[in-house]
Structure formats: C-alpha cells, structure tokens
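Subject: Structure handover

Hello,

Here is the structure you are taking over. Please open it first and keep it beside you while you read the notes below.

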Amino acid sequence: MRILVSNDDGYNAAGIEALAAALRPLGDVTVVAPETNCSAASNSLTLRRPLSVRQAANGFHFINGTPSDCVHVALTGLLGFRPDLLVSGINNGANMGDDTLYSGTVAAAMEGYLFGVPSMAFSLVDREWRHLDCAARVAHDLVARFRDRPWDEPLLLNVNIPAVPHRDLTGLRTTRLGRRHPAEPVIRSITPYGDTVYWIGPVGRALDGGAETDFGAIEARAVSMTPLRVDLTDHARTDAIARWMEDQ
C-alpha cells in the first residue's frame, strides 16, 4: 500500500514524525508537508508565487506553501504514482465541530479526497503532544483496517483522539460534527511602536456537544470518527429560495 502523509503543523512537527513512523510497517510512506506551521490555513492554494520542493535529511519533502498546496503538488506532478491512501496529521490540537472549516489538517485530507484518494485526518486533542503515542497507535490501527478492508469508494474521515493513555480509551465512535459557541472576542494590544494590533481570540465552547457528536465522544474518552463531505449546498432550503425568488 502506498500512503501519502501531510499535515499543517510543518514537516518537522512531532505529530507528523510519529504518524510516519506508525504507518511505515503498513506500506510505502511518502511525506509531503509544509515548510512552516500553517494551522488554520483551511483549503487555501498559493497562486501568486511559485512553490519550491525540498527534501529534509529524514527523507520528508517540504514545500513553502499551504497543506492544500502540498497535497495538490504531490498528486499533480511531484509523485510518480497515485497513493492508495492520504493521511494528514497528527495535528497538535482538536479539529472538531466548526474547527473543520478552518483546519489545515482537514484541508490536506480534503484535497486528497477531491482528487478521488481515500483520506483520513488525525488530530490529538491536546496542544502539548501529551500521549502522542496513543494517537499514533490509533492511526496505525485505522490505516491497518483500511489496508485489510478498503472502502468501496473514496471517503474523507476526520478522526479526533483524546489525550489519554491508550489503555484509558473507551472505544471508537462514529460521530457527527458538533457546534461551538461563537469565538471569544479578539485580543487588542499595542506594539512597541504604538500601533494597535489584534490577535484572534480563543475558540468558543461547545454549543452542540451531545453523545453522538465529536465533542461528546471526546468527553467520554472515545476516539471520534466523523465522515465528512464537501457539498455545502443547503438542500433543505433550495425550494424556499426558489419560492422567495418567485414572490412579487
């Protein structure tokens, strides 16, 4: 099995090193990741400057662009093959609920999915890499299951893993995305030169976090597995919009 690995924390992040090591026993692993941290880059592509590809001493390829750039370049010119699976992560922090719209980790997996490659995004629900070994083991086990039981069609799976020892996991749950409260206000400060600057505030607390959501699974110390889709159409309201356009 040929596996393409990417992330949004950068090619030298602890998460991608642990992920690549965990997946090597399962197949041929190729890493193409951003040169620098691109958290919250979402699905952005770099169109107004050229991209360069370099190779680190450990064999990882890195690109001076976004997570989507890395997967796009890999699939459309860099690789001489089509991977059987794309795996993104392991992210330094959760990607649940509304986070998935901003996440570079999910975006890298989504780019693969848009090219018809089955894709998984893995995130560790902790920003200090606590219990990264547990997340790597979960990634290994899910990819091994894919190898033995491949999907009938390409899917995009968003996986969040509690920051606990593997023995304390309560299982794996198939979940839906929850919702957060609106983000906290921006943080205003003054630079030493007297300029006013703003920092984006922390994410909001869980608003919709029932047992069937990704938030609920993590609260119960279970691995959350949420299948995602790209179609943003609000199908339930297409008729309402059509009627609104007809009203005089």
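Tyr-198 is exposed, with a relative accessible area of 54%; buried means under 20% relative accessible area, exposed over 50%, and partly exposed in between, with a 1.4 Å probe and protein chains only. The place of this tyrosine is in strand β11, residues 196-199. Helices (H or I, at least four residues) and strands (E, at least two) are DSSP runs, numbered from the N terminus.

The model is a predicted one, in which local features need pLDDT of at least 70 and side-chain atom pairs count only at pLDDT 80 or more, while totals for chains, interfaces and linings use all residues. Residues are numbered from 1 along each chain as its sequence is written, and side-chain values use heavy atoms, with hydrogens and water left out.

Confidence

pLDDT is the predictor's confidence in each residue, from 0 to 100. The protein has a mean pLDDT of 91, and 96% of its residues reach 70 or more. Confidence is highest in strand β1 (residues 2-6), at a mean of 98, and lowest in strand β12 (residues 206-208), at 61. Where pLDDT is low, the predicted coordinates should not be read in detail.

The surface around Tyr-198

Together with Val-186 and Ile-200, Tyr-198 forms a nonpolar patch on the surface, with about 370 Å² of accessible area. Patches are made of residues with over 30% relative accessible area and no salt bridge; like charges are joined within 9 Å, and nonpolar side chains (Val, Leu, Ile, Met, Phe, Trp, Tyr) within 5 Å. The areas come from the Shrake-Rupley method with a 1.4 Å probe, and for residues only the protein chains shown count as cover.

Strand β11 runs antiparallel to strand β10 (residues 187-190), and four bridges join them. Two strands pair if DSSP finds at least two bridges between them. Ser-189 stands opposite Val-197 in β11. The hairpin of β10 and β11 has five residues between the strands, and Gly-194 in this hairpin takes a positive phi near 90 degrees.

The sheet

In what order do the nine strands of the open sheet stand? The order is β3-β4-β2-β1-β5-β6-β7-β13-β8, and the pairing is mixed. At the edges are β3 (53-55) and β8 (172-174), each with a single partner strand, so one side of each has no neighbour in the sheet. Neighbouring strands are turned by 25 degrees against each other on average, direction ignored; the axes are lines fitted to C-alpha atoms, for helices over the stretch in contact, and angles run from 0 to 180 degrees between N-to-C directions.

Strand β13 (residues 223-228) is largely enclosed by the rest of the structure, because five of its six residues are buried. β13 pairs with strand β7 (residues 156-162) in the antiparallel sense over five bridges, and Asn-160 stands opposite Ser-224 in β13. With β8, the pairing of β13 is parallel, over three bridges; here Thr-174 has Met-225 as its bridge partner.

Strands β5 (residues 85-92) and β6 (residues 119-125) also pair in the parallel sense, over five bridges. Leu-86 has Ser-119 in β6 as its bridge partner.

Salt bridges

Side chains of opposite charge can pair when their charged atoms come close. A salt bridge is a side-chain nitrogen of Lys or Arg within 4 Å of a carboxyl oxygen of Asp or Glu. The structure holds four of them, including these:

- Asp-126 with Arg-130, the closest N and O atoms being 2.8 Å apart. Asp-126 is buried, at 12% relative accessibility, whereas Arg-130 is partly exposed, at 40%.
- Asp-148 with Arg-147, at 3.0 Å between the closest N and O atoms. Asp-148 is exposed, at 53%, and Arg-147 is partly exposed, at 38%.
- Asp-234 with Arg-237, where the closest N and O atoms are 3.0 Å apart. Asp-234 is partly exposed, at 38%, and Arg-237 is exposed, at 52%.

Backbone geometry

Most residues other than glycine have a negative phi, and most peptide bonds are trans. The peptide bond from Gly-89 to Ile-90 is cis, with omega near -10 degrees; Ile-90 is found in strand β5.

Ala-40 is not a glycine but has a positive phi of about 65 degrees. Ala-40 lies in the loop between β2 (28-34) and β3 and is exposed, at 55% relative accessibility. Arg-221 also has a positive phi, near 65 degrees. The place of Arg-221 is the loop between α5 (214-219) and β13, and this arginine is partly exposed, with a relative accessible area of 43%.

Regards
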